[in-house]
Each structure stands twice: as structure tokens, then as C-alpha cells.
Amino acid sequence: MKSSDLKLKIDSSPAWIAAVLNDFDHFLKDHADAERKASGMAMSFVAKYPDRREIIPELIHTGIEELEHFRLVYKIMEERGLQLNHSIEKDIYIDKLLKTMHSGREERFRDRLIIASIVENRGFERFKMVSDHIEDKKLADFYRMIYLSEAKHGHVFVDMALNYFPAPEVFERWEVLASLEADILSDLAIRPTLH
Ligand SMILES: [Fe+2]
Ligand SMILES: [Fe+2]
């Protein structure tokens with residue numbers, strides 16, 4: 001088993017992509033927030049685990065890539081005359097996922113990395129749907145670049161976990177958390193947002 005064999009348990013619904021395409025400006029604003037938060041998340045790993053030297057360079061690299069995504073999404077927003085959201089809505093999906101973490105220091109670290117991987121995989125799946133369904137060729141290309149990058153991040157976070165935990169443990173826990181993710185995703189209201 002390797003990180004690229006890991007698969008989410010359910011696909012996003014056709015209703016979700018329909019909602020996104022129906023209010024794409026709303027989606028873009030949420031997407032921009034998501035990229036900025038992803039960058040912040042990578043850097044918060046650095047702040048929380050300064051002793052995990054094996055993964056710090058990759059975390060910094062990921063933080064920069066997410067910030068670059070933010071820059072590019074904001075550029076598209078500017079072209080469309082859109083402004084960033086004033087207050088950022090609570091991300092119920094992320095909140096619920098983080099509640100599934102075990103409590104010991106090591107287990108929490110492991111789960112944090114696995115959840116990051118699952119969130120990146122979901123980003124890959126949803127941005128790919130956007131790229132596949134959107135009519136505008138430029139946006140389809142842009143979202144293709146984004147989903148390829150998020151797919152890579154999905155693997156990167158698992159590989160980080162494999163630095164510290166045995167592979168069977170990481171992959172088993174990934175499967176358990178991916179099943180919980182499927183339940184959490186199914187319960188979300190359909191909205192023109194990433195989650
Ligand atoms: Fe990103
Ligand atoms: Fe990412």
C-alpha cells in the first residue's frame with residue numbers, strides 16, 4: 001500500500017457541483033478563504049511541532065504553494081470585481097473532522113496529518129469536478145492546475161505521517177477517518193462552497 005492507493009469513500013453529489021456552477025462568484029470567495037486557511041494550517045503545523053524537523057521543509061513548501069493558490073484565486077476575483085469575505089463562516093466540515101482526533105500527543109499529531117491528507121483529497125475531488133464541468137476554458141485549466149496540486153498535497157501529508165508511524169497504522173487510521181469523513185460530508189447542506 002502507498003499513499004496514492006488511498007481513496008475517499010464517497011463522491012461529491014451532482015447537486016453540489018450544480019450549486020457551485022449556479023453561484024460561481026460565491027464559490028470563488030469561499031475557495032480563496034480555503035486556500036488562505038490551508039496555507040495557515042501548514043504553518044500552524046510548523047508552529048505546533050518545531051521538533052519534527054523531518055517535515056518542516058515540506059510544510060513550509062506546502063504553505064507557500066497554498067498561499068500561491070490564494071494569490072491566483074484572488075487575481076480571478078479581482079478580474080470579476082469580487083471582494084474577499086469580511087468574516088469567514090465556520091467550516092463545519094473541518095470542525096467535525098478535527099473532533100475525530102484522538103487525544104494523546106502522538107496520536108493527535110498522526111490524526112492531524114491524516115485529516116490534512118483527507119481534506120486535500122477532497123479538495124482534489126471537488127476541484128476536479130469544477131474543472132470537468134465548468135464551460136469557461138481558462139477556468140477549467142486553472143482548476144486543473146489546482147486539483148493536480150491538491151492531489152499531490154494529499155500524498156505529501158500521508159508521507160509525512162509515515163516518517164513517524166508504522167505504515168499499517170497510518171493506512172488503517174486513514175481508512176477509519178475517511179469513513180467518518182464520508183458521513184460528515186453527507187450531512188453537509190448543499191451550498192456553493194468548497195465544503
Ligand atoms: Fe491549495
Ligand atoms: Fe492543498
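Student: In which helix is Val119 found?

Tutor: Val119 belongs to helix α5; please bear in mind that the model is predicted.

Student: Is Val119 buried or exposed?

Tutor: One counts the other C-beta atoms within 10 Å, and 20 or more make a residue buried. Val119 has 24 such atoms, so this residue is buried.

Student: What separates the C-alpha atoms of Val119 and Glu181?

Tutor: Sequence separation and spatial distance are to be read side by side here. Val119 and Glu181 are 62 residues apart along the chain, and their C-alpha atoms are separated by 8.8 Å.

Student: How do the axes of α5 and α6 cross?

Tutor: Helix α5 covers residues 105-133 and helix α6 residues 137-162; their axes come within 8 Å and cross at roughly 160°. Angles over 145 degrees count as roughly antiparallel, and α5 and α6 are therefore roughly antiparallel to each other. The crossing of α5 past α6 is left-handed.

Student: Which classes of residue make up the contact of α5 with α6?

Tutor: That contact has 15 nonpolar residues, together with six polar and five charged ones.

Student: Where is Phe45 found, and is this residue buried or exposed?

Tutor: Phe45 lies in helix α2, which spans residues 24-48.

Student: How far apart are Phe45 and Phe109 in sequence and in space?

Tutor: They are 64 residues apart in sequence, and the distance from C-alpha to C-alpha is 9.1 Å.

Methods. Residues are numbered from 1 along each chain as its sequence is written. Chains are lettered from A and ligands numbered from 1 in the order in which they are written. This is a predicted model: local features need pLDDT of at least 70, side-chain atom pairs count only at pLDDT 80 or more; totals for chains, interfaces and linings use all residues. Axes are lines fitted to C-alpha atoms, for helices over the stretch in contact, and angles run from 0 to 180 degrees between N-to-C directions. Helices (H or I, at least four residues) and strands (E, at least two) are DSSP runs, numbered from the N terminus. Angles under 35 degrees count as roughly parallel, over 145 as roughly antiparallel, 65 to 115 as roughly perpendicular and the rest as oblique. A crossing is left-handed if the near helix is turned anticlockwise from the far one by less than a right angle, and right-handed if clockwise. Ala, Val, Leu, Ile, Met, Phe, Trp, Tyr, Cys and Pro count as nonpolar, Asp, Glu, Lys and Arg as charged, and the others, Gly among them, as polar. A residue is buried if 20 or more other C-beta atoms lie within 10 Å of its own, exposed if 12 or fewer, and partly exposed in between; C-beta atoms are placed from the backbone.
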